[in-house]
Amino acid sequence: MTSETAAPAPSSTFRDLALIAPLLRKLDELGYELPTPIQAATIPLLLAGKDVIGQAQTGTGKTAAFALPLLNKLDLSKTKPQVLVLAPTRELAIQVAEAFQKYATHLPGFHVLPIYGGQSYGPQLSALKRGVQVIVGTPGRVIDHLERGSLDLSALRCLVLDEADEMLRMGFIDDVETVLKKVPATRQVALFSATMPSQIRRIAQTYLKDPVEIAIKSTTATAANIRQRYWMVSGVNKLDALTRILEAEPFDGMLVFARTKLGTQELAEK
Ligand code: AMP
């Protein structure tokens, strides 16, 4: 693999990145002032049609780093999928599809569809028939649609592998490879992964063309003045354990993170 390493240009603005007016308008409305480092590095490369390997975690702004340039390049008059994003979980697929929808507010005729297992085929099939430019899906369900003939990737221009290491960890890597083999040879590929295990490197070497590699240091590195401790408790005892901590530890404020929307809600209510 001939990979170059791009140095992020942190001083550039979204206007410098030559995004189209409807996207810039939305970014203004969202209050995004400056591109994050992964965005500053990735957006020009994806606009220029390069394959990209982005080593970046959640929270670095990686979703907009691929969503913005790919939206920028869409042909909205066409209704066959032009962009396919593969994501490890249903939740991430929905989240990424929502991000595309959000950034595309001022792009009339834009359609994105999340497809994932556990959801009935009916609504997915009718949306696919109506036409979508961007699909965000979990690998298994994408393959199901390819096998049924309900997903036409003949006009695909870009494939994004989001959280590739998670897809590997969850056992989807063969499915990912199957999809890579079925998309047109002329497509652009962007691969994002927080870590680069050897199997992900191999995928990149086999399927990406002269990729430019971008590594962004995690913004979530722990500050030196933070002490980390953990307490192992089984599921049913978690609330009791948290209650004990709340009673025992003095605090002014506290942030509690939960894995799912529902779990967050239930915990807040309790
Ligand atoms: P991500 O890493 O893609 O999960 O994004 C993390 C969060 O940062 C999301 O809530 C985005 O809406 C937000 N975000 C992404 N890019 C920017 C930016 N340039 N300025 C401000 N917020 C941003």
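Mentor: Start with a nonpolar surface patch of about 590 Å². Its members are Trp-231, Val-233, Ile-245, Leu-246, Phe-251, Met-254 and Val-256. A patch takes residues with over 30% relative accessible area and no salt bridge; nonpolar side chains (Val, Leu, Ile, Met, Phe, Trp, Tyr) are joined within 5 Å, like charges within 9 Å. A salt bridge is a side-chain nitrogen of Lys or Arg within 4 Å of a carboxyl oxygen of Asp or Glu. Accessible areas come from the Shrake-Rupley method with a 1.4 Å probe, and for residues only the protein chains shown count as cover.

This is a predicted model: local features need pLDDT of at least 70, side-chain atom pairs count only at pLDDT 80 or more, and totals for chains, interfaces and linings use all residues. Residues are numbered from 1 along each chain as its sequence is written, and side-chain values use heavy atoms, without hydrogens or water.

Phe-251 sits in the loop between H10 and H11. Phe-251 counts as partly exposed because its relative accessibility is 40% (buried is under 20%, exposed over 50%, partly exposed in between; 1.4 Å probe, protein chains only). Helices are DSSP runs of H or I with at least four residues, numbered from the N terminus.

Next, the largest pocket. It holds about 1,300 Å³ of space. Of its 30 lining residues, the closest to the centre are Leu-242, Ile-245, Met-254, Leu-255 and Val-256. A pocket is an open set of points on a 1 Å grid over the protein atoms alone, where a 1.4 Å probe fits, with protein on both sides within 12 Å along at least five of seven lines; lining residues have an atom within 4 Å of a point. Points are joined across faces, edges and corners, and the volume is the space filled by probe spheres set on them.

Which helices line this pocket? Helix H10 (238–248) and helix H11 (261–269) each supply at least two residues. H10 gives the largest share, seven residues. By class, the lining has 17 nonpolar, five polar and eight charged residues. Here Ala, Val, Leu, Ile, Met, Phe, Trp, Tyr, Cys and Pro are nonpolar; Asp, Glu, Lys and Arg are charged; the others, Gly among them, are polar.

Look back at the two lists. Ile-245, Met-254 and Val-256 belong to the patch, and Ile-245, Met-254 and Val-256 are also among the residues closest to the pocket centre.
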